[in-house]
Amino acid sequence: MTSKTIASVLGAVAVAGSMLVSANVSAQDKVGFVYVGPIGDHGWTYRHDIGRQAVEKELGDKVKTTYVESVKEGPDSERVIRQMAADGHKIIFTTSFGYMNPTLKVAKQFPNVKFEHATGFKRSANVSTYSGRFYEGRYVVGKIAGKMTKTNVIGYVGSFPIPEVVRGINATALAARSVNPNVEIKVAWVNTWYDPGKEGDAAKALIDQGADIIMQHTDSPAPLQVAEARGVWGVGQASDMHHFAPKAQLTAIIDNWDRYYVARAKAALDGTWKSQDTWAGLKDGMVEMAKFNEAIPADVIKLAEETRDGIINGTIHPFAGPIKKQDGTVAAKEGETLDDGTLLGMDWYVEGVQGKLPK
Amino acid sequence: MLLKIVKRPEPSRAMVYLTPLMALVLTVVCSMGVFTFLGVDPVEALRNFFIVPINNAYGASELLVKATPLILCAIGLSVGFRANVWNIGAEGQLTLGAIFGGGLFVYLHDVDSVFLLPGMILLGAIGGALWAGIPAFLKTRFNANEILTSLMLVYVATLLLSLLIHGPWRDPDGFNFPESRMFSESATMPLILEGTRLHFGTILAIIAVLGTWLMLAKTLVGFQIKVIGAAPKAGSYAGFSQKKIIWFTLLFGGAMAGIAGVSEVSGPVGQLLPSISPGYGFTAIIVAFLGRLHPVGIIFAGLLMALTYLGGETAQINLGLPVAVTGVFQGMVLFFLLACDVLISYRFALNRTGRVSG
């Protein structure tokens, strides 16, 4: 530090007392984001922050975006959301399931502020919900995994045993077993969305149990990095993570919130915003597949691309029958397809998933 | 070296009170350097840290909400620290308080009675005290170091809570999410101020502070704690039982932390979750020392620490400062406090000979 800087800092201290009370005025409309992890998680929160940047870029000087990262689900989140609402934000995106009740509570007190809650199921006049059909991406990955596994064991690092996660496991199992009936899925629950240490340990344990493909429903690249180090395959979560595992990443399921965030922020600014529920997938571009690893044989890549395109044009539905539950009972007969209601409350494993679903 | 450090003939009374302020000033000055380095106007940053969060009634109430568990834990810890009993495990005792208190609700969730909440608070205190009783037993019986035992029990407590929430206490309507039912009205801390989250737990904290102050100033056990802390040998010559004090201070600290746990889960949290505290029990150690182990000091220190949390959030919203700044800020406070504490027993003097003295 130069003496000049020191002098200016000391000078600043001297005048601090008088200036601390001056008000901060801004004419721009504010768009707020509440994140459950650090923006540097390279997964879930990272992708939401890319969406925020898209809003900033698209709407330019008209808006100012703000965010708070690593906000614990629970009482701290309610305070942060409320503070944003009281601070004159037009619209606030709360991007984790555990923000559901706090978001609704604050929304009731601020009827003129619009709220967007990711992955929740409770709405109100000024609270919308939105999520991606990530299971579509899992289904594409499942096809690749079924073809690529040599040990016939797919290891799956799970966060919480909620329907969202169970759906992804089941979609993977259905796809993998459609191309390789011998595949089994082993699940390790870590009970956190983001804890690189725990996630990595779970991946190691799964590999030790014979898994040669690691999938994850947690937000850090740690499981993928373990896969890279141990010489097995992995799949990127929420964003393209191939920088962390150039050899191991088969592909990645990318969450793309950009278009949705820009559209909803615009709607909030021009007054056309309405409460709604959005559940969009590959077709709408909210879910995307990253580049397939070059080490994958051409026919497997072709299968994956056909699966992806089939889901996009509607000829393939990941949860089309026949589907058998783990206990052998029929969940969907030939020709039937599970509806969204069933998918949203999914609390059972399909055949091919090992272990008991914690209940 | 022009300056040398000289031991004072006796600890400076003035410095005991001055060093927290010096630490605060040093923290502010250094953090301004950090803010400048991050490309943020330091005055604006400080304004967002210390003024904006509490410049309205709601903000002030949130400050009290956040400070409540810190003060409750710290007041309990301070009594032990005065007697040289180093309970580091308030976080675990807080968790056990939440388990005992919240557990009562889980089993009586359809009971609507005015006695439910008092029962939860009482059980919470018992739970925290029992958990702190383990290090007390190990210390008095086997002379096991209470720093280690109390700290390790934190992890056991967290896992115990996790086990219950993932198993028998899980909300049957909770979509399989690991959390208990939402607490009913009669299991929830009454609000003190309508429209805010300020709840009865804050009053409990104030009662705890006043009670502890009276105990230390007016009772025999308070006197024994102070004597044993200041001069253990004098204490034993006077016939004070070291073991009794160990038991008393640990149980007391555990009970206070347990009440903090109940106050959180039946206050702002509203249910049992796998993680119910962002480390209040550990931050309370800083609060206790920053407050010079004095009840009044602890109130101010608790409010200051709470403010750094709120300020960190405001600084993120308004200035885009990273969340890590909050941690850096709290770390600096403790670091400078410990560094400045040297001045209590030592002073700087001019080195007249100009030589480096050993």
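**Helices, packing and backbone**

Analyst: In chain B, 23 of the 28 residues of α10(B) are buried, so this helix is largely enclosed by the rest of the structure. Buried here means that 20 or more other C-beta atoms lie within 10 Å of the residue's own, while exposed means 12 or fewer and partly exposed means in between, with C-beta atoms placed from the backbone. This is a predicted model, in which local features need pLDDT of at least 70 and side-chain atom pairs count only at pLDDT 80 or more, while totals for chains, interfaces and linings use all residues. Residues are numbered from 1 along each chain as its sequence is written, and chains are lettered from A and ligands numbered from 1 in the order in which they are written.

User: How far does α10(B) reach from its first C-alpha to its last?

Analyst: Helix α10(B), residues 242-269, reaches 39 Å, close to the 40 Å expected at 1.5 Å a residue. The expected span is 1.5 Å times one less than the number of residues, and helices (H or I, at least four residues) and strands (E, at least two) are DSSP runs numbered from the N terminus. Just after α10(B), B:G270 takes a positive phi of about 80°.

User: And at what angle do α3(B) and α10(B) cross?

Analyst: Their axes cross at roughly 170° and come within 7 Å; axes are lines fitted to C-alpha atoms, for helices over the stretch in contact, and angles run from 0 to 180 degrees between N-to-C directions. The two helices are therefore roughly antiparallel to each other, given that angles over 145 degrees count as roughly antiparallel, under 35 as roughly parallel, 65 to 115 as roughly perpendicular and the rest as oblique. The residues of this contact divide into 15 nonpolar, six polar and one charged, where Ala, Val, Leu, Ile, Met, Phe, Trp, Tyr, Cys and Pro count as nonpolar, Asp, Glu, Lys and Arg as charged, and the others, Gly among them, as polar.

User: How does α3(B) pack against α12(B)?

Analyst: Helix α3(B), residues 57-82, packs against α12(B) at an angle of about 135°, with the axes 8 Å apart, and the pair is therefore oblique. The contact includes B:L63, B:L70 and B:I71 of α3(B) and B:I299, B:L303 and B:L310 of α12(B). By class, the residues of this contact are 15 nonpolar, two polar and two charged.

User: Switching to the interface, how many residues of each chain are in contact?

Analyst: Contact joins 26 residues of chain B to 32 residues of chain A, a contact being two residues whose C-beta atoms, placed from the backbone, lie within 7 Å. On the side of chain B that touches chain A, α12(B) supplies the largest share, five residues. That side has 16 nonpolar, seven polar and three charged residues.

User: Which residues of α3(A) meet α12(B)?

Analyst: They are A:V80, A:Q83 and A:M84, which meet B:E313, B:T314 and B:I317 in α12(B). The axes of α3(A), residues 75-86, and α12(B) are 11 Å apart at an angle of about 45°, and the crossing is right-handed.

User: What about α5(A), how many of its residues are buried?

Analyst: The count is 14 of the 15 residues, so α5(A) is largely enclosed by the rest of the structure. The helix covers residues 134-148 and reaches 21 Å, close to the 21 Å expected.

User: Which way does the phi of A:N152 go, positive or negative?

Analyst: A:N152 has a positive phi of about 65° although it is not a glycine. Most residues other than glycine have a negative phi, and most peptide bonds are trans. A:N152 lies in the loop between α5 and β6 of chain A and counts as partly exposed, with 16 C-beta neighbours inside 10 Å. In chain B, B:R292 likewise has a positive phi, of about 60°, and sits in the loop between α11 and α12.

User: Is the peptide bond from A:G321 to A:P322 cis or trans?

Analyst: That bond is cis, with omega near 0°, and A:P322 lies in the loop between α10 and β13 of chain A.

Technical notes:
A crossing is left-handed if the near helix is turned anticlockwise from the far one by less than a right angle, and right-handed if clockwise.
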